[in-house]
Amino acid sequence: MNQEAHAAHGGAWSARLDKLLPILAGAGLLGSLAGAAVDLRHTLFAYLVAFLFGLTIVLGMLFFVMIQHLTDAGWSTVLRRPAEQFLAALPVLALLLLPVLLGMQTLYKWTNESEHANPLYLVKKPFLNVPFFIFRAALYFLIWILLARIVRGKSLAQDASGDPKLSLSMRRASAPGMYLYAFSVSFAGIDWAMTLDYHWFSTMYGVYIFAGAAAAAMATLSIVSVWLHGGPLKGKLGDAQFHDLGKLLFAFCCFWAYIAFSQFFLIWYANVPEETGWMLERWNGDWKAISTLLALSMWVVPFVVLMPAAKKRHFPTLVGISSLVLFAHYVDLYWLVMPVAHPEHVPFGLLWVDAATLCLVAGALGIAVLRALKAHPLYPVNDPRLNEALIAAHGHGHEEHAHPAAAGD
Amino acid sequence: MVAEFPREHALLHAARGLRKAGYLRYDVQTPYPIHGMDEAMGLGRSKVSYCTLAGALTGFSIAVGLQYYAQAIDYPLITGGKPYASWPAWMVIMFELTVLFSAFGTVFGMIALNGLPNWYHPTLKHAPMLGATDNRFFMVVDATDVLFHEERTRALLLELGGRNVALLEP
């Protein structure tokens with residue numbers, strides 16, 4: 001089996017991406033530099049959106065991998081590997097954070113001297129100061145890279161050794177890991193996005209970021225799985241797995257809607273000026289259109305389209321909705337970050353800068369993930385639960401398959 | 001008419017055989033759910049999800065109607081400086097009633113589709129049938145099936161491997 005999995009790597013399944021991703025990253029870099037020359041402030045904000053987009057997808061994958069270990073899931077064994085390989089991009093993300101830290105003075109108003117006499121700043125100063133901010137950033141990445149080393153490293157080690165104890169130790173690490181994950185993701189979201197407008201606060205912000213991350217990761221994993229299913233993973237995945245991915249995507253879109261509405265609802269209902277200002281900013285002028293677009297693309301359309309069971313395993317629908325959710329997730333982060341830089345109008349004229357920064361981040365992450373995918377077997381070849389996953393892939397009992405023709409035995 | 005089968009595979013085979021022969025009104029009684037029986041009997045997709053959807057739409061409409069009528073028509077009252085018809089405030093009730101009526105639709109739809117409550121069935125008087133809750137597998141062909149014929153159905157069941165074939169009193 002090991003050889004078979006390795007043999008797949010000789011194939012041309014990744015040839016197009018091998019060429020495309022460096023071009024994407026290079027073009028993104030050039031575009032970003034051009035953007036920085038034209039409007040440095042906007043480019044930094046656009047870059048922050050792109051960085052958060054890449055980061056949340058990778059963090060969503062970390063959550064997926066750990067939850068599979070925690071629940072000792074068998075169905076997802078094959079899918080776990082592509083998700084694990086996304087974690088190989090975490091060191092790249094740590095590097096990609098540098099421009100954000102270098103541009104702090106532009107991005108985060110609270111770093112400016114002019115704000116330091118503000119009573120609201122003075123109250124938050126023990127938390128919101130540059131050294132602690134940088135220390136926390138390092139701590140988050142330390143936690144994530146450590147968790148990734150456990151759930152990815154041991155899984156790769158199991159490919160060679162086949163030691164079932166590794167599965168057990170990954171499960172044991174995932175339980176405390178989930179606590180570390182929850183706190184680090186919440187605080188990272190608060191640090192890097194919420195403090196852009198440091199007067200405003202929402203206790204739901206952390207889980208809001210997580211909800212978007214989980215939905216975006218499910219969307220990415222669905223697309224990657226359909227892509228690999230059409231190539232080197234053929235025969236290793238079945239309807240049951242795609243149906244489950246569709247269900248998870250559906251569920252996390254609903255979870256996002258639930259959290260997003262709850263956040264809005266409490267602010268709307270209480271009507272306290274220090275909280276409503278943030279929502280009003282996103283409901284004024286053409287930002288209202290972005291807010292509506294966000295609600296439609298992240299929840300309404302996926303909810304309606306993915307509702308029937310058959311649609312969740314219909315590849316064009318699954319890939320289409322996954323792409324829509326990824327688009328919506330970008331809009332979501334744009335909606336969180338960009339009104340701080342452009343409170344009056346949506347900067348449609350500068351969309352090319354946003355696109356360039358996104359290409360840069362997506363290209364860089366894509367190269368890291370693809371390299372990892374090619375360097376190792378595409379599914380955990382010696383995982384003790386592999387058989388369970390393969391049986392689930394080809395099992396019976398799917399009602400859609402009940403067809404009169406099946407009667408002949 | 002009831003026939004006993006020694007193993008689940010034999011029962012699956014018999015179910016396929018009856019379906020192939022064109023029977024529509026037959027059922028199996030087994031100690032546990034048999035994997036693949038839905039397909040063997042050609043049951044297709046359950047219609048319970050439509051009951052759930054109907055329940056969801058009913059609950060949603062009731063929630064909207066109730067709150068709109070109460071707060072905007074019958075007793076309009078300004079609360080917290082909000083308009084009379086403030087849909088965000090209704091969302092919680094809309095969500096809860098949608099879920100509640102979906103559950104009603106699912107449970108009662110399932111009961112109705114199963115033909116329950118059913119106070120009497122001829123198999124209740126057939127003593128060996130008790131084994132269906134323990135370790136025995138039964139096939140029951142309803143006499144109301146258009147293809148039902150005492151001799152031919154008995155012969156088919158025997159041919160499919162059935163044992164202890166018996167015609168039950170209605």
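User: Into which domains is chain B divided?

Analyst: Chain B splits into domain 1 (2-44 + 119-166) and domain 2 (48-113), with bounds that come from an automatic or database domain assignment. The C-alpha centres of domain 1 and domain 2 of chain B lie 44 Å apart. Please keep in mind that this is a predicted model, in which local features need pLDDT of at least 70, side-chain atom pairs count only at pLDDT 80 or more, and totals for chains, interfaces and linings use all residues. Residues are numbered from 1 along each chain as its sequence is written, while chains are lettered from A and ligands numbered from 1 in the order in which they are written.

User: What makes Lys247(A) partly exposed?

Analyst: A residue is buried if 20 or more other C-beta atoms (placed from the backbone) lie within 10 Å of its own, exposed if 12 or fewer, and partly exposed in between. Lys247(A) has 15 other C-beta atoms within 10 Å, so it is partly exposed.

User: Why is strand 3 of chain B called largely enclosed?

Analyst: Strands are DSSP runs (E, at least two residues), numbered from the N terminus. In strand 3 (residues 137-141) of chain B, four of the five residues are buried, so the strand is largely enclosed by the rest of the structure.

User: Which strand joins strand 3 of chain B by four bridges, with the two running antiparallel?

Analyst: Strand 1 (residues 2-5) of chain B does. Pairing takes at least two DSSP bridges between two strands, and four join these two. Phe5(B), for instance, has Phe137(B) as its bridge partner.
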